[in-house]
Amino acid sequence: MPAHLSARLRAFALSLLLIAFALPAFAGPFEDGVAKFANDDFSDTEEAIGVVASSGNKLAFPIISALQDGRLMADPDSKKVYVTGTDGKSIDAATGEPVASVPDSASAVRLNNRLRRSVDAAIGGLTLQSPDIGTRLQAAQSVFKSHEETALEAVDGALAKETNKSVKAALGDARAAILLFKSDATEVEKLEAVATLKVRGDQEALALLTGMGDQPASVTKAAASAISSIQSSLAVWSGVQNAWYGLSLGSVLLLAAIGLAITFGVMGVINMAHGEMVMIGAYTTFVVQEVIRTRYPGLFDYSLLIAVPLAFLVAGAIGVLIERSIIRFLYGRPLETLLATWGLSLVLQQAVRTMFGPTNREVGNPSWMSGAFELGQITITYNRLWILVFTLAVFAILLAMLRYTALGLEMRAVTQNRRMAASMGIATSRVDALTFGLGSGIAGIAGVALSQIDNVSPNLGQSYIIDSFMVVVFGGVGNLWGTLVGAFTLGIANKFLEPVAGAVLGKIAILVLIILFIQKRPRGLFALKGRAVEA
Amino acid sequence: MTPHMLTRSLDRSATIFLAVVAACGILIPLSNLLLPAGSFLQVPTYLVALWGKYVCYAILALAIDLIWGYCGILSLGHGAFFALGGYAMGMYLMRQIGTRGVYGNPILPDFMVFLNYSKLPWYWYGFDMFWFAALMVLVVPGLLAFCFGWLAFRSRVTGVYLSIITQAMTYALLLAFFRNDFGFGGNNGLTDFKDILGFNVQAEGTRAALFALSCLALILGFLICRAIVSSKLGKVLIAVRDAESRTRFLGYRVESYKLFVFTVSACMAGVAGALYVPQVGIINPSEFAPGNSIEAVIWVAVGGRGTLVGAALGAVVVNYAKTFFTSGVLAPYWLFMLGALFILVTLLLPKGIVGTFNAWWDSSKEKRNAASASAAAEDGVTQPKMAE
């Protein structure tokens, strides 16, 4: 019956061709191939996969992906094959006609591991032609990983047509991977493949080269040299990666510590509630995003830009309030200030816990902050990159402010000699309040940035307070450059110790090193010289 | 004239304090053990354990007051010494469990069996003997304090810098003790104790005895602190507190004095921790949390920095308040109260309860003296008049 039908269809197709219609061949080899799925024989199935995948028929992709998911049903009696869609509707695999129901005698086409690989490769090959660049790139990468010989033809075809540079490179890599494992490839082809993989030079290329098995002597030799070159470049890249993570951690530390450097460095005030200012900044971001979500969803991408000035104002205002109501009574009593601000931090934490609940609050990433890009062998996420840029910008602005504005001048004057500054007509108590507000406001800004990479919870600030103090103490009090150097040194040291010692031991080692360091230089890396520090 | 009066007033409050502690140490266990349960005057066992905890806190507060009140060293890491003493005692108690553990291993504590330890780590050797554990209760915190202090004081790390690195020290220990492979039970710590010196730790008699011992330790600690601060050494310590550079220029080796008192204080904190653990029944790394150490400082501040009686009193008062408020409907507000306590005490009551009381007592006494003196002077002035 099917043979009869197929003969009639073939005749029909021929008649169409006679009228010079360039239709894809949807009768003949494709249909025969599809019918082979019904034989329930692994080698027939493999043949069928090859035929269908190279047919160019629009049903090829649905059929192969159905096969992959176990949705390709074959009826051994009628030799008919059906594709059951994910929505439960079925079509005839050979014609694409919808069918009412799949007969009970039909069962899913079985696969074994070898077949699964060819299915993956076939899907890779099929999606290589997709109009979407991302899909093509992914397909090329999956072919690279599976390096099935069957996909070679598809890769070559795609390579000839491909215009996009990165997809083309991925296809080239995929081709090299296939050739390297293809038993009947020529020595020249294999040497070229090794050279391509050497250029690629990542962990996966290394895995392919080390696991390529028996090869001609020249290829083995080339591979050995490629392996050693890849290994050394990978070592360099892992160093670069650690350095990047270190910079990223350093920027977070710097952000958290700058405000502290101002209040501690300029005013000599230990503000244990500094972490809570960071937390307030993070919660300001949360509130801003909530308002935007419910009222103006279109502005979501600008939420952080709105949150930054707001967080500065909120945290800054709270800072001025704290200075006026508590800290100004405690000048010259640093230990008492420490205790009072610790109490304040408990109150602020509990207040936030009462208002927003004790659990983490969700703060989203705007689109320009999510995602990542590849730089050589390392992946750089946009949020970390933006935080680094933002931190450096905040640092530069602060430095400029201290240097070029009237308030900055007054602040420096008060730091250097409070009584002399007062004698010169500077209202030192006003400068104190503003300085404390500035430090707190910057902590608030830090909170906006940290809300992007950390959990926004009432405990957010606590996790940064000890680290921030370490940075300030290490860098030296009263010197912003010291804070910068301190933050990045600690960040990078931490990330280079982590792979060796593990995260927790690395952190402990850093703390112990700082304790020892303080013995050598009690005033930090960049100590202020002169009488100001000998209070 | 005035210093003499001060010591006399201290003597009086010290006598009252010692009498009260001794009375509690004798009467509370006796009432718990001898009077029938449910009787009006009988102290229930849970209260004995609770007050035993307060007494241990009072010893810790004494230790902090000794260095902060009399030598100006604000340690934000004294909880670490307390916890180390506690761990030393906990290790002894763990070794006493023996085959009664869940896994029944005669040598290895349960958590080690659970974590696939094949043999006892070397630093657990000897803790099956009480005398060794008791020695370690003093030696471990003392040694850490000695090394830490030697490094810090020699390079003249003072003031807030010292506070911050002591905090970093306890934080580093917190992280370390949270690790399973550190060999101290990870975040579960040491618990499920059975015996201490052959007595069941849960038994009423043992608890009463531990309470009495804690009171005895408090009395001893108080006497040691008193002896230190009222000696010539104590005078130097106070001089260091008030003018460190000047004391150094007068020829005293400031760092030696500081190191001595810091080490003694750490040993006291260790003893407090060691008495705390059997009464509470558990020691875990959260005792190292920097917050605990700062809380202990506020006990001293509330009671009165620089008055030994005040430190002990502050520990009991604040912890009683904590128990009272955190167990009722006011629980969510406890942190507000604690925070407010930190702020208000430093702003309004910098001398603490006992310090303020002493100052008031002295000033009223002085007024009375002055009044009588001026009356006498007036008499003196009027007399010649009369003679005229």
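Student: What percentage of the 535 residues of chain A count as buried?

Tutor: A residue is called buried if 20 or more other C-beta atoms, placed from the backbone, lie within 10 Å of its own, and by that count 44% of the 535 residues of chain A are buried. Keep in mind that this is a predicted model, in which local features need pLDDT of at least 70 and side-chain atom pairs count only at pLDDT 80 or more, while totals for chains, interfaces and linings use all residues. Residues are numbered from 1 along each chain as its sequence is written, and chains are lettered from A in the order in which they are written.

Student: What radius of gyration does chain A have?

Tutor: The radius is taken over C-alpha atoms, and the globule rule is 2.2 Å times the number of residues to the power 0.38. For a compact globule of 535 residues this would be near 24 Å, but chain A has 33 Å, and its C-alpha atoms fill a box of roughly 110 × 60 × 40 Å along the principal axes.

Student: How many helices and strands does chain A have?

Tutor: Helices (H or I, at least four residues) and strands (E, at least two) are DSSP runs, numbered from the N terminus; chain A has 21 helices and seven strands.

Student: Into which domains is chain A divided?

Tutor: Such bounds come from an automatic or database domain assignment, which here gives domain 1 (2-111), domain 2 (115-215) and domain 3 (237-533) of chain A. Where domain 1 meets domain 2, the contact (C-beta atoms, placed from the backbone, within 7 Å) takes 14 residues from domain 1 and ten residues from domain 2. On the domain 1 side, α3 (42-53) and α4 (60-69) of chain A are the elements that give two or more residues.

Student: How many residues does the contact take from chain B and from chain A?

Tutor: The size of an interface is often given as the accessible area lost when the parts come together. Counted by residues, this contact takes 37 from chain B and 31 from chain A, and α6(B) gives the most to the chain B side, with 13 residues.

Technical notes: Buried ≥ 20, exposed ≤ 12 C-beta atoms within 10 Å, placed from the backbone. Contact = placed C-beta atoms within 7 Å.
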